[in-house]
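Please open the model in your viewer and get ready to select side chains. We will take a short walk along its aromatic rings.

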Amino acid sequence: MRELAKQRKELAYRWRKEQDEVDKMAFITKDVIHMPQDKEEYVPVSETEIEVRNWFLPRNLNINETLFGGDLLSWMDKAALYCAKNFTKSERMVTIAMNRVLFKLPISASDVVTLKARVSNVRRFRLEVEVEVFVDPADQSGTRKSHTGYFTVLNVDAAGQYKPIHKGLLIDEANQTDMRALLKAQKRWEFEGEEKGLLSLPPLDISI
């Protein structure tokens, strides 16, 4: 178990390092982006973004007068689903994974919270939605990013079978903000297989 924990820690370090290295790149060329090119339509990442603003009720707060993490996760998931449905124009989409959800700052009762979601990676049947949470404190000390997360959403038909997504993301070197989002998402995708292997624990031997 200690060795597995060490491997997970090393993987998390490499994951963050590769994400940070993308931000340091002076210019990202289209030849480093590897995405399916069999879609019927392509749109910029920036055009997929949706924004949702939330206020809280007393029932959303814990004994420390801060927002329950579970409530925020639920709102992030809803924002991701809405973003995915708005992108695909499909009514039947389901979240199948939440990845790298980072809680950076607590959210208090007086804060105004804005959730921004955008599609960052599209495959044959599923896509990734990046969700960022921003907090505007009542004291007007400035907007801060409090949470981030990546949601994998699957497109299905009425029978619950996988349904192809016919829209893709545009690769445009003139828009370096979108190019960074695409490359970061690609690197997260490449980590997925290795991460699954480390997160899947073998069953415990209970025969004794």
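A residue counts as exposed when its relative accessible area is over 50%, and as buried when that area is under 20%. Keep in mind that this is a predicted model. It holds three aromatic pairs, and we will visit two of them.

**Stop one: F56 and W75.** Select both side chains and look at the rings. Their centres are 5.2 Å apart and the planes meet at 15 degrees, so this pair is stacked; the cut-off for stacking is under 30 degrees. Now show the cartoon: F56 sits in the loop between β2 (50-54) and α2 (69-88), while W75 belongs to helix α2. The two are 19 residues apart, so to speak a link between distant parts of the chain.

**Stop two: F125 and Y162.** Here the ring centres lie 5.5 Å apart with planes at 45 degrees, so the pair is tilted. F125 is in the loop between β4 (112-122) and β5 (126-136), and Y162 is in the loop between β6 (144-155) and β7 (167-169). Is Y162 buried or exposed? Its relative accessible area is 55%, so Y162 is exposed.

**Stop three: charges over rings.** Select K116 and F134: the charged end of K116 sits over the ring of F134, 5.2 Å from the ring centre. Then move to R123, whose charged end sits over the ring of W189, 4.3 Å from its centre.

Conventions
Residues numbered from 1 in each chain as written. Predicted model: local features only at pLDDT ≥ 70, side-chain atom pairs only at ≥ 80, totals over all residues. Heavy atoms only, no water. Phe/Tyr/Trp six-rings, centres within 6.5 Å; stacked < 30°, edge-to-face > 60°. Helix = DSSP H or I, 4+ residues; strand = E, 2+ residues; numbered from the N terminus. Buried < 20%, exposed > 50% of the residue type's maximum accessible area, 1.4 Å probe, protein only. Lys NZ or Arg CZ within 6 Å of the ring centre and 35° of its normal.
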